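Some notes on this model follow, in numbered points.

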Amino acid sequence: MLEKKFTVKNKHGLHLRPATEFIKITACFKGEVYLAKGDVEVNAKSILGLLTLGIDYEDEVIIRCTGEGEDDFIRNLQEFFNKEE
Amino acid sequence: MNIDKYLKNERYLKGIGISQGIVKGKAYIFFKSESIDYATKINYEDIENEVSRLFIALDKAKKKLLSMRDKIGEKIDPDSLKIFDAHYAVLSDPLFISEITDNIKSKRVNTEYSVKVTALDWKYKLSKINDPYLLERVNDIDEIANLIIEELSTAVSEQNVIKEERIIISEFITLSELAQIDKTKLLGFVTAGGGYTSHAAIVARSLGIPAVGHITNCHNEIKNNDDLIIDGIRGICIINPSPKIVKLYEQEAETYRKKLSILESYIEMPNRSKDKQPFFLEANLEIIEELPLVKKYAATGIGLFRTEFLLDYSQSFPNEKKQHSAYSKIMSVCDKCGITIRTFDVGGDKMINKIEEIAENNPFLGWRAIRFQLSNMEYLRPQLRAILKANKHGNLRILFPMVTNVDEIVILREKLREIEEELKSEGTALKPYKIGIMIEIPSAALTADKFVDYVDFFSVGTNDLIQYTLAVDRGNEKVQYLYDAFDPSIIRLLKYITVLLKDSKRELAVCGEMAGKPREAILLLILGYRHFSMVPWKIPVIKKLFSTIEFGPIAAHYEKIKKINSPEEVKEYIERKFKDNLDSIRDFMY
């Protein structure tokens, strides 16, 4: 299980559209992936789960993942979280 | 009666008998999307089936979403298009899906209901997030849930394939759903809503299978594969009956069969009164599968073929080709006898909801039947083209429903002429046909003579005529008591129609339920009617009844009847004067 902290740079937070983009990425990952904000962790392949976290601009989130290619996967997520729009 | 004595030891549900007969068999719960409003309990063995229905529906919903996205892709801005992606993501959401399946398993409920409650739950969770943009989109969850449920209902119709003989348990069955059921596997019906005039009842009676309606909790009380006895005479449904009651019912069923064979002996009798005067008994049909009944019950012809069975409420409007193939089957029943095809009676209770979704305060006084079709030629044109093309032997009669005034029939004739020209230019050979109108609105009844120059025949739809004349919705239990075919106003109106058309040489038929009810049919004879159209199985009953009556002196009874003020007294009068005649068919009066 890998774990990494990210900061959301998108000005609107992880609202509907970025969340949809995010799901497209996590759906391609074969293993398990979770996203936590504060004490709450959700299945990061669930768009509804993500939306209920209400992730805002500059929120810190922790991604945990396990499965084939987990190193590449978690590294590539940086690009997503760095996007400002 | 032995049965009544033993019933108290049985578990049974009481409703009303909507089609006579007795049958024993296994239950089949008919699923449909309308069942979403409440939870239907499912058995442990059905869980797997429900879950697989969910996955099939999810796949279909995703495909539908993608095709919608492609279709409108060019017309809207890319940002709005992203909404489709978000909806697609929800349809693939593992959490959402696992919650739906968990609900099915833990609550033991049908998939539709499970989708609904899961969606509601998420809507609640999302609405608590402080994001105005997201709040705007919270209702999208409903849209997504509906998308799945819609696909569930189509998955359902594929699933509702009955492989073995079964008794169908359903809250409410639409005509198009009935059209999908293999009638040879159908033993009987138990319905929650359906009354005597529901589609399930009409079809059950015409197929000669028993049915019980008004068993409101049938979904919860009866499970798939329960052993049932349907008693259409007492209007009850016995669940997992004891051997004792099974035996008693076997005897009763035998008695019932004997009665039926007597009925069958009437079929070949000639259509002649006791004093050898002719009468005509035609068949009212609703679905293609009923066509063999025309021969079976020796109907003079088809007095009314309703075409609403073609309107699959979840699908699109049937194209000309589909309609033509159906009408060709209808027209192939006989090449000499008259075959009456009525154009779509849509609107009111039968609105094609996908085509024109308009809420009306008074749908029965609203935009329905010919009113709807005249302003939507794109629906009327293919139907008329398909009907005319199916007329291979020149025995077609086109019947237009809900005609209010002469202007409408003038326009309809003009449209027909246009369509004829169109077909001729396409090289279609046209055979002669007749045009008729339903007399079901009081205005048409009061001015029937004004239509004579424009139509070849008239057909009185007594059900609606009574409703409109008395301002009574007979589906409304609170005012139902006012609905009475023997009301003096109805008698006077029905008489007036015959007076107006007396010298017109136009055929005047009755196709409402009155035609197939013994006392009412006698009343119609008294008023001068000789053409009757009814559900096929009633034909031998009415034929037997008429064969015992002398038509010659019958009109004289009107002089007495017109002086009577109450419907009950008219009934008593007919019962008294025609007691022997009615006695001859008493066993079949239901």
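1. How many nonpolar, polar and charged residues does the lining of the largest cavity have? The model is a predicted one, and in it that lining has eleven nonpolar residues, one polar residue and two charged ones.

2. The volume of the largest cavity is about 130 Å³. It is lined by 14 residues, and the closest to its centre are A:Leu16, A:Leu51, B:Arg137, B:Asp140 and B:Ile141. The elements that give two or more residues to this lining are helix H2 (47–53) of chain A and, from chain B, helix H3 (78–91), helix H6 (132–137) and helix H7 (140–159).

3. The second largest cavity holds about 90 Å³ of space. Eleven residues line it, and B:Ile29, B:Lys41, B:Ile42, B:Asp46 and B:Asn224 are the closest to its centre. By class, the lining of the second largest cavity has four nonpolar, four polar and three charged residues. The count of cavities of 30 Å³ or more is three.

4. In chain A, four strands make an open sheet with antiparallel pairing, in the order S1-S4-S2-S3. Strand S1 (2–7) and strand S3 (40–43) of chain A are the edge strands, each pairing on one side only. From one strand to the next, the twist averages 25°.

5. S1(A) and strand S4 (residues 60–66) of chain A run antiparallel and are joined by six bridges. A:Phe6 stands opposite A:Val61 in S4(A). Helix H3 (residues 70–82) of chain A packs on the sheet, where it touches S1, strand S2 (32–37) and S4 of chain A. The direction of this helix makes about 5° with that of S1(A).

Definitions and conventions: Residues numbered from 1 in each chain as written. Chains lettered and ligands numbered in written order. Predicted model: local features only at pLDDT ≥ 70, side-chain atom pairs only at ≥ 80, totals over all residues. Heavy atoms only, no water. Pairing = 2+ DSSP bridges. Axes fitted to C-alpha atoms, helices over the stretch in contact; angles between N-to-C directions. Contact = heavy atoms within 4.5 Å. 1 Å grid on protein atoms, 1.4 Å probe; cavity = no way out; pocket = protein on both sides within 12 Å on 5 of 7 lines; lining within 4 Å. Points joined across faces, edges and corners; volume = space filled by probe spheres on them. Nonpolar A, V, L, I, M, F, W, Y, C, P; charged D, E, K, R; others polar.
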